[in-house]
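Trainee: I'm new to this one, could you walk me through it? I'll ask things as they come up.

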Amino acid sequence: MSGNRDALKKLRIQFQGALTTEELGQTTRWLNRSPSTNTHARAWADAGAPHGALVFADHQTAGRGRHDRTWSAEPGLNLTVSVILRPGIRPAQYSLITLAASLAVLDTIRSNCNPVSSRIKWPNDILVDGKKCCGMLLESVIGTDPAESFVILGIGLNVNQTDFPDTLQNTATSIMLACGRPVDRSQILADLLGKLESILETLEKRPESIATLYQKEMEGVGERMTLTDVHTDRSYEGVLRGVDEAGALQMEIESEIHSFHAGDVRLQTEKL
Ligand code: BTN
């Protein structure tokens, strides 16, 4: 146990040495073990944690994914973190944080590794060489006063894991598998927060630019896809056309463009 504590302390010190942000990651909680960093962060935000506060767990025991799925990550090898955001945008624009965070993770992977391909699968799965390397879970709380509103951005980034359970073997990957060497988690996390801070600044100043940047990195534009409505289980087939300025998916179905929101549908590409 004290070995784990020492390793975590070392990681924290290296992270603090590498961090270049003004706000993100300046207030932190480092947990050896937590059921879910998003759940922990939510309680901390309710108790007044500042913008940019970060929760890190070295072992997440009940990680939560989108659409009530679970998120599992081998302890001590990956990043399972949540960032509390109190951004200077209207709650109606919060969906753009999904797009901005995807761009920040993509940029981090590219600058720390040189994968053959790296793309974003809408809304916020990061695919590296065709497999999922990162998933994100955004949970927002909208208060009556905008100052009471916040977003919990949960990021599960596979960093040094090389073995995955049988069910994920063909669909999951990590930065280490893509670049053939172990990578420093503290460096990746500091870098990611720097990139996230910078793109959130762009989002506040020029929100209309985010969807354009995102669409350039999107997997499968122009290809046939299947979408499933998670409420009705109904499936739709069509051609993926991109996202609108608010980040809603644009699908051409029988010659008409339809918009879908991230909480309502699951998108199946050929591979995932
Ligand atoms: C998904 O792809 O379904 C989203 C996965 C999000 C996982 C991260 S790990 C850190 C944070 N805490 C959680 O319980 N979930 C998110």
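Trainee: What separates the centres of domain 1 and domain 2?

Mentor: Taken over C-alpha atoms, the centres of domain 1 and domain 2 are separated by 25 Å. Domain 1 covers 2–215 and domain 2 covers 224–271, with bounds that come from an automatic or database domain assignment. Please keep in mind that this is a predicted model, where local features need pLDDT of at least 70 and side-chain atom pairs count only at pLDDT 80 or more, while totals for chains, interfaces and linings use all residues. Residues are numbered from 1 along each chain as its sequence is written, and side-chain values use heavy atoms, with hydrogens and water left out.

Trainee: How many residues of domain 1 are in contact with domain 2?

Mentor: On the domain 1 side 14 residues are in contact with 19 residues of domain 2, where contact means heavy atoms within 4.5 Å. Between them the two domains bury about 1200 Å², with 63% of it on carbon and sulfur atoms; buried area is the accessible area (1.4 Å probe) that two parts lose on being put together, summed over both.

Trainee: Which elements give two or more residues to the domain 1 side?

Mentor: Those are helix 3 (95–112) and helix 6 (208–216), where helices (H or I, at least four residues) and strands (E, at least two) are DSSP runs numbered from the N terminus.

Trainee: Switching topic, where does histidine 67 lie?

Mentor: Histidine 67 lies in the loop between strand 3 (63–64) and strand 4 (70–71). Leaving aside neighbours within four places in sequence, histidine 67 is in contact with residues including Val230, Ala262 and Arg266. Histidine 67 and alanine 262 are 195 residues apart in sequence, yet 9.8 Å apart in space, C-alpha to C-alpha.

Trainee: Is histidine 67 buried, partly exposed or exposed?

Mentor: Histidine 67 counts as partly exposed, because its relative accessibility is 24%; buried means under 20% relative accessible area, exposed over 50%, and partly exposed in between (1.4 Å probe, protein chains only).

Trainee: Back to salt bridges, how many are there by this rule?

Mentor: The count comes to ten salt bridges. One of them joins aspartate 191 and lysine 195 at 3.1 Å, N to O, and these residues are both buried. They are four residues apart in helix 5 (residues 185–205), so about one helical turn separates them.

Trainee: What about glutamate 252, which residue does it pair with?

Mentor: Glutamate 252 forms a salt bridge with arginine 241, with the closest N and O atoms 2.7 Å apart. Glutamate 252 lies in strand 12 (residues 249–253) and arginine 241 in strand 11 (residues 235–243), so the pair ties together parts that are eleven residues apart in sequence. Salt bridges that share partners also join Arg110, Arg119 and Glu217 into one network.

Terms used: A salt bridge is a side-chain nitrogen of Lys or Arg within 4 Å of a carboxyl oxygen of Asp or Glu.
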